[in-house]
Amino acid sequence: MPNETNQRPKRAGRKIGRIRIGFNVLVQIVLVLFLAAMVNAIAFKHYARWDFSRDQKYALSDKTKRFLGTLKGKMRSKVFFPPTTPITTDVQNLLTEYQDVGKG
């Protein structure tokens with residue numbers, strides 16, 4: 001009798017096998033990767049740029065955007081100054097903004 005009280009009753013209905021747990025984890029990982037890929041695809045198709053700088057120094061005015069939209073051909077701009085100037089990155093970022101608004 002003492003051996004019968006120490007044994008736990010088996011619960012056959014509640015036991016989940018390791019294979020089922022592993023399969024569930026695999027399905028969850030695949031779903032997370034699929035969702036990440038879909039978010040990335042949607043973000044790639046609906047690309048937008050925002051200027052969060054305090055003084056909006058890279059934001060182009062509406063008049064400039066309209067002008068760049070009316071250009072038929074390509075436009076080239078050349079900027080000459082030493083590359084060690086502290087405003088080099090600012091000028092490059094502003095030219096990139098012009099390029100993006102002018103569609104290349």
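Which helix does Thr88 lie in? I looked this up before anything else. Thr88 belongs to helix 4, which covers residues 88-101. I note that the model is predicted.

**Whole chain**

I went through the secondary structure. The chain has 4 helices and 0 strands. Along the sequence I read the pattern as α-α-α-α. Next I checked burial. Of 104 residues, 8% count as buried.

**Thr88**

Buried or exposed: how does Thr88 count? I found a relative accessibility of 13%. Thr88 counts as buried because this value is under 20%. The side chain of Thr88 reaches the backbone oxygen of Thr85, at 2.7 Å. For contacts, I set aside residues up to four places away in sequence. With those left out, Thr88 touches Phe81, Pro82 and Pro83.

**Lys57**

I moved on to a loop residue. Lys57 sits between helix 2 (18-45) and helix 3 (62-70). Its relative accessibility is 42%. Lys57 counts as partly exposed, because 42% falls between the 20% and 50% cut-offs.

Which residues does Lys57 touch, not counting those up to four places away in sequence? I listed Asp51, Asp90 and Leu94. I followed up on Leu94. Lys57 and Leu94 are 37 residues apart in sequence. In space, I get 8.2 Å from C-alpha to C-alpha for this pair.

Methods: Residues numbered from 1 in each chain as written. Predicted model: local features only at pLDDT ≥ 70, side-chain atom pairs only at ≥ 80, totals over all residues. Heavy atoms only, no water. Helix = DSSP H or I, 4+ residues; strand = E, 2+ residues; numbered from the N terminus. Buried < 20%, exposed > 50% of the residue type's maximum accessible area, 1.4 Å probe, protein only. Contact = heavy atoms within 4.5 Å. Polar contact = N/O pair within 3.5 Å; in protein donor to acceptor, adjacent residues only side chain to side chain.
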